[in-house]
Amino acid sequence: MNNFPQIQTALRGWQNKITLIKVTQVIQNFKTIPVEQYLIFKGVIQPLSGEKLNIKPLESRSWQWLQIHTEKEIELEVNDKIKYRNKTFKVMDKKDYSLNGYFEYHIVKSYD
Amino acid sequence: MTRLYKGLWSEVESYVANDVVLNDYKFYLALQNNTNSEPANGNWEALTAISNLCYIIQEKMGIANDRIFIYNQDFKVPQVKGLFIVIQYNSSEVISNTARIVGEEDSMKEELTLLTKENLTINLMSKDDSARLRKEEVFFALSSTFAEQQQEIYNIKIAELSSSFTNVSELEGEGMLNRFAIDISLFSWFKKENPIEFYDTFTNNTIAE
């Protein structure tokens with residue numbers, strides 16, 4: 001089907017249970033109020049590698065970037081706000097490598 | 001949900017969700033049924049001039065609850081068809097600010113009043129042509145009898161209406177095809193009373209002889 005390696009086996013050896021809180025906004029009495037939704041899944045979360053950081057805009061390289069690898073797609077899209085370990089992050093990139101057995105998300109520390 | 005204005009808050013009256021009361025010169029909307037629960041607390045939400053304007057437009061244009069809201073940078077307008085109305089607070093000017101003493105000894109109060117002019121923008125946006133087709137309805141809503149009645153209840157006055165719609169569709173690129181902005185001004189009146197001491201009951205330092 002393709003020449004890329006299947007990553008699933010490696011991912012299964014590394015992945016942990018991760019809990020993220022996805023923060024969305026709903027409208028109530030003409031005001032937007034935040035609603036929190038727990039996302040619990042297995043994956044690998046780690047700082048963005050220097051190689052990947054190098055292709056980010058220069059001024060954003062000093063920000064706190066993390067990458068998440070998961071075997072299954074999770075309910076996150078670009079611009080979504082999430083909380084991880086009591087810090088707020090914003091989803092900046094989502095890459096669908098499902099043909100090779102994984103998804104990759106880039107998140108960056110955001111303001112609350 | 002249609003609001004019902006019930007006048008001054010009373011401890012003996014039973015209120016249901018969407019009742020509106022006046023307490024200490026502020027308006028509150030009942031979020032749930034309650035009795036003897038004096039605002040402000042979790043049963044009530046304070047109403048502002050901008051939310052009253054949203055209510056007038058919603059009622060007269062028949063806009064769903066999740067399609068009209070006060071601007072918040074965190075909220076992205078969903079990428080679905082149909083009209084969304086976002087009301088943006090731009091600035092506020094103080095027109096008058098007065099303080100006077102009312103009452104007599106033992107019941108004296110200072111009465112503070114403030115009149116402000118609030119400049120707002122009503123944004124109509126849609127991925128389809130709803131915003132372009134329905135933009136005139138905003139003016140009908142603001143000049144309706146219902147709007148007049150609401151202004152009287154809530155101590156607000158919709159001032160000068162914009163003479164044109166600003167087509168700002170290009171700001172959204174291809175993400176949001178139709179977007180129109182209408183600038184309006186709103187006069188809001190505020191009042192507050194504080195008990196004060198009569199002049200001869202002030203605490204004075206005694207000069208030792």
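Phe30(A) is found in the loop between strand 1 and strand 2 of chain A. Strands (E, at least two residues) and helices (H or I, at least four residues) are DSSP runs, numbered from the N terminus. This is a predicted model, in which local features need pLDDT of at least 70 and side-chain atom pairs count only at pLDDT 80 or more, whereas totals for chains, interfaces and linings use all residues. Residues are numbered from 1 along each chain as its sequence is written, chains are lettered from A and ligands numbered from 1 in the order in which they are written, and side-chain values use heavy atoms, with hydrogens and water left out.

Although Phe30(A) is not a glycine, its phi is positive, at about 70 degrees. Phe30(A) counts as buried because its relative accessibility is 6%; buried means under 20% relative accessible area, exposed over 50%, and partly exposed in between (1.4 Å probe, protein chains only). In chain B, the non-glycine residue Asn18(B) also has a positive phi, of about 80 degrees. Asn18(B) occupies the loop between strand 2 (14-15) and strand 3 (19-23) of chain B, and with 13% relative accessibility Asn18(B) counts as buried. A cis peptide bond, with omega near 5 degrees, runs from Pro39(B) to Ala40(B). The loop that holds Ala40(B) lies between strand 5 (34-35) and strand 6 (44-46) of chain B.

## Interface of chains A and B

Seven residues of chain A are in contact (heavy atoms within 4.5 Å) with 16 residues of chain B. About 1100 Å² of area is buried between the two chains, 60% of it from carbon and sulfur atoms. Buried area here is the accessible area (1.4 Å probe) lost by two parts on being put together, summed over both.

One salt bridge is counted between chain A and chain B. A salt bridge places a side-chain nitrogen of Lys or Arg within 4 Å of a carboxyl oxygen of Asp or Glu. The partners are Lys31(A) and Glu45(B), with an N to O distance of 3.8 Å. On the side of chain A that touches chain B, the elements giving two or more residues are strand 1 (16-28) and strand 2 (31-47) of chain A. By class, this side has two nonpolar residues (Ala, Val, Leu, Ile, Met, Phe, Trp, Tyr, Cys and Pro count as such), two charged residues (Asp, Glu, Lys and Arg) and three polar residues (the others, Gly among them).

## Salt bridges within the chains

Over all chains, the structure holds 17 salt bridges. Lys6(B) forms one with Glu13(B), the closest N and O atoms being 3.7 Å apart. Glu13(B) is partly exposed at 32% relative accessibility, and Lys6(B) is partly exposed at 29%. Lys6(B) also forms a salt bridge with Asp19(B), at 3.4 Å between the closest N and O atoms. Lys6(B) lies in strand 1 (residues 4-8) and Asp19(B) in strand 3 of chain B, so this pair ties together parts 13 residues apart in sequence. Asp19(B) is buried, its relative accessible area being 2%.

A further salt bridge joins the side chains of Lys109(B) and Glu193(B) (3.0 Å, N to O). This pair links distant parts of the chain, 84 residues apart: strand 9 (residues 109-126) of chain B contains Lys109(B), and strand 12 (residues 178-195) of chain B contains Glu193(B). Lys109(B) is partly exposed, with a relative accessible area of 31%. In chain A, salt bridges that share partners join Glu73(A), Glu77(A) and Lys94(A) into one network.
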